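Let's take a walk through this structure together, one part at a time. Keep the 3D view open beside the text as you read.

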Amino acid sequence: MAAVSRTSDAEVAELCARGDRAAQRDLFLRTRNAVHHTLYRVLGSNRDIEDLLQETYLAVFRSIGNYAGRSSLLTWCCSVATHVALSHLRRKKPVPVAHLEIESDAPSTDQVVRARAALARLYHALDRIDPTQRVAFALAVIDGRSLAEVAEMTGASLSAVKTQVWRAKKAIDKRAAVDPLLRDYVTDLARDAEGVA
Amino acid sequence: MRDDRDDLVPPVEPLPDLTWARLERRLWQSLDAPPVAEVAPTTPRARWRWPVLAAGAIAAAAAAAILWPRGDASPASPPALSMPGGTASPARVTSAESPTSLAFGDADIRLGPHSALFLSGDDQRGVDLVLDHGRAHFEVAPRVGRAPFVVHVGAVRVTVIGTGFTVIRDGESAQVEVVHGIVEVVADGRRDRVAAGQVWDHGLVRDGALAGTPAAVAPQPPVAVEPPPVVAPPVVAAPPAVAIAPPVRRAPTAPRVERQPTPADEPTAAFDPKAAYAAAAALESQAPDRALAAYLALADAAPAWADAALFAAARLAFDRGDSARGKALASRYLRRFPHGRNALDARALLERLSPTTRVE
């Protein structure tokens with residue numbers, strides 16, 4: 001990992017593109033948690049995650065020669081993961097599951113259980129909307145990323161992302177109208193998220 | 001990725017170190033393998049997809065045919081991959097997005113989607129299989145007087161006595177469902193015999209079927225065969241000895257037996273439905289069967305919570321891929337709560353399970 005931190009992203013990309021296994025491994029270790037985080041937030045669980053992580057890194061190492069340095073290598077890897085997740089959602093009839101561990105140092109069991117149940121319902125609702133809107137909503141509202149960051153990760157324009165998030169929120173609000181738990185949860189989530197007002 | 005959202009958004013469930021290690025191993029193996037063996041991210045409408053995947057599968061199968069000893073068996077319904085003579089050195093078979101079937105020795109193996117199985121041995125020396133991840137169903141001839149047929153699933157060992165059975169691996173845990181015959185399961189120093197119609201699940205043997213047991217096999221997928229790391233895949237010059245077979249349809253497995261909550265399941269202390277609901281929700285990820293039973297018990301025991309609990313049971317069954325049970329529970333919910341607060345979701349669930357059926 002030290003080798004990577006001393007080297008610029010462009011140099012790392014070049015080494016990886018040449019098939020330098022040490023550089024590839026350093027990049028994998030440096031970025032894997034963020035890539036996993038991105039996939040998990042879009043999908044809502046670790047279901048299929050191992051295969052999607054492999055698919056992501058295969059795509060990363062096979063296309064890293066195209067890395068132009070417009071964003072950090074970490075963001076670029078997360079962007080690849082976003083596209084892999086989007087392809088997965090499009091090609092597969094998704095099954096919404098939210099397997100979330102209850103941590104021992106969590107605020108309280110009640111809160112965690114409530115959040116967990118609400119999040120499962122939210123992913124259930126997201127499962128029925130357009131995958132592009134789902135990805136934008138998951139990254140912006142659930143994960144709390146800025147719209148600019150989401151735009152960078154999805155390759156869409158800022159205004160397009162804003163529209164996608166807004167449409168997703170509108171679709172979820174319809175479902176939340178008859179589900180108080182989901183309604184309260186989405187309200188809380190959206191309070192400080194961009195593009196959902 | 002803000003830390004202050006942790007109270008609202010439960011943290012990302014970390015992956016075990018073993019998973020990361022396995023993923024890294026698979027990644028480097030895939031990168032070192034010929035590009036045709038990989039499944040690149042594609043969209044379902046890409047017309048070139050199946051020809052490319054089929055070409056990859058044929059090339060991989062041809063490599064397998066060269067690496068593995070050949071036999072002269074010719075099954076009536078040919079599987080995607082046939083290894084009637086077993087294999088002298090361990091080999092790994094992986095499936096892509098759909099189930100696939102293979103013949104190994106005298107056993108028929110159906111590998112679920114996104115599953116991987118290590119194969120070694122033969123009918124003379126005995127067969128040793130390791131389910132690396134995913135799900136596999138085995139049809140094995142009785143082993144009386146024959147070499148053993150053993151499936152390893154993490155620390156769990158399943159020894160065949162003559163049976164058809166399904167094994168599911170989820171991380172380091174395993175489930176075994178016996179369709180007919182009998183198997184012996186050894187785990188944590190304990191030995192259990194599991195008979196037809198029973199499920200071995202984390203050391204407990206119960207009647208019933210695994211969630212999401214496939215009733216039919218989808219169109220035949222490509223089979224990627226990865227040779228042992230020490231053996232470089234040879235250049236394929238000869239036509240493949242293994243043909244991609246047409247879809248194989250099989251009858252459903254053992255009938256599902258829904259376990260009804262018993263009085264023993266009910267707490268003897270003061271009953272707190274809210275706590276019971278929370279406890280059931282907390283069980284979902286670790287012990288979904290128990291969670292489902294707890295939701296159903298709560299639906300019977302606490303009328304005020306029946307709406308939420310019954311729908312939660314239907315959703316959980318659906319989430320686990322158990323369409324039949326999800327459908328039954330969602331219908332049961334709607335009969336009991338036609339205007340309940342989850343009625344909209346229950347109808348959507350039913351419509352999703354039976355897209356051609358309009359739910360009134």
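## An enclosed helix in chain A

The rest of the structure largely encloses α4(A), because 12 of its 15 residues are buried. A word on terms: a residue counts as buried if 20 or more other C-beta atoms lie within 10 Å of its own, as exposed if 12 or fewer do, and as partly exposed in between, with C-beta atoms placed from the backbone. Helices (H or I, at least four residues) and strands (E, at least two) are DSSP runs, numbered from the N terminus. This is a predicted model, in which local features need pLDDT of at least 70 and side-chain atom pairs count only at pLDDT 80 or more, while totals for chains, interfaces and linings use all residues. Residues are numbered from 1 along each chain as its sequence is written, and chains are lettered from A and ligands numbered from 1 in the order in which they are written.

Back to α4(A): its buried residues include A:I49, A:L52, A:L53, A:Y57 and A:F61. What covers them? The cover of the buried residues of α4(A) includes α2, α3 and α5 of chain A, along with α1 (17-32) and β6 of chain B. Contact here means that the C-beta atoms of two residues, placed from the backbone, lie within 7 Å. From first C-alpha to last, α4(A) reaches 21 Å, close to the 21 Å expected at 1.5 Å a residue. The expected span of a helix is 1.5 Å times one less than its number of residues.

A:D48 has a positive phi of about 65° although it is not a glycine. Is A:D48 buried or exposed? A:D48 is buried, because 20 other C-beta atoms lie within 10 Å.

Now look at α5(A), residues 73-91. Among the buried residues of α5(A) are A:L73, A:W76, A:V80, A:V84 and A:H88. An α-helix has 3.6 residues a turn, so residues three or four places apart point the same way. The buried residues of α5(A) pack against α2 (9-17), α3 (21-43), α4 (49-63), α7 (131-142) and α8 (147-154) of chain A.

Stepping back, chain A has 10 helices and zero strands. Of its 197 residues, 52% are buried. Among its contacts between residues at least 6 apart in sequence, 68% join residues at least 24 apart.

Let's turn to chain B and its strand β4(B), residues 107-111. Five of its five residues are buried. In a regular strand the side chains alternate between the two faces of the sheet. Both faces of β4(B) are covered, with B:A107, B:I109 and B:L111 buried on one side and B:D108 and B:R110 buried on the other. Strand β3 (residues 100-104) of chain B pairs with β4(B) in the antiparallel sense over five bridges; strands pair if DSSP finds at least two bridges between them. B:L111 in β4(B) is the bridge partner of B:T100. Two residues lie between the strands of this hairpin, where B:G105 takes a positive phi near 60°. Strand β6 (residues 126-140) of chain B also runs antiparallel to β4(B), joined to it by four bridges, and B:D108 has B:E139 as its bridge partner there.

What about the nonpolar cores? A nonpolar core is a set of buried Ala, Val, Leu, Ile, Met, Phe, Trp, Tyr and Cys residues joined through C-beta atoms within 7 Å. The largest has 98 residues, and those with the most contacts inside it are A:L39, B:Y295, B:A309, B:A313 and B:A314. Apart from it lies another core, of 34 residues, among them B:L111, B:V158, B:V167 and B:V183.

Finally, a look at confidence. pLDDT is the predictor's confidence in each residue, from 0 to 100. Chain B averages a pLDDT of 67, and 60% of the residues score at least 70. Over residues 61-78 of chain B the pLDDT is below 50, and this stretch has 40 contacts in the model beyond near neighbours in sequence. Where pLDDT is low, the predicted coordinates should not be read in detail. For the complex, the predictor gives an ipTM of 0.84 and a pTM of 0.43.
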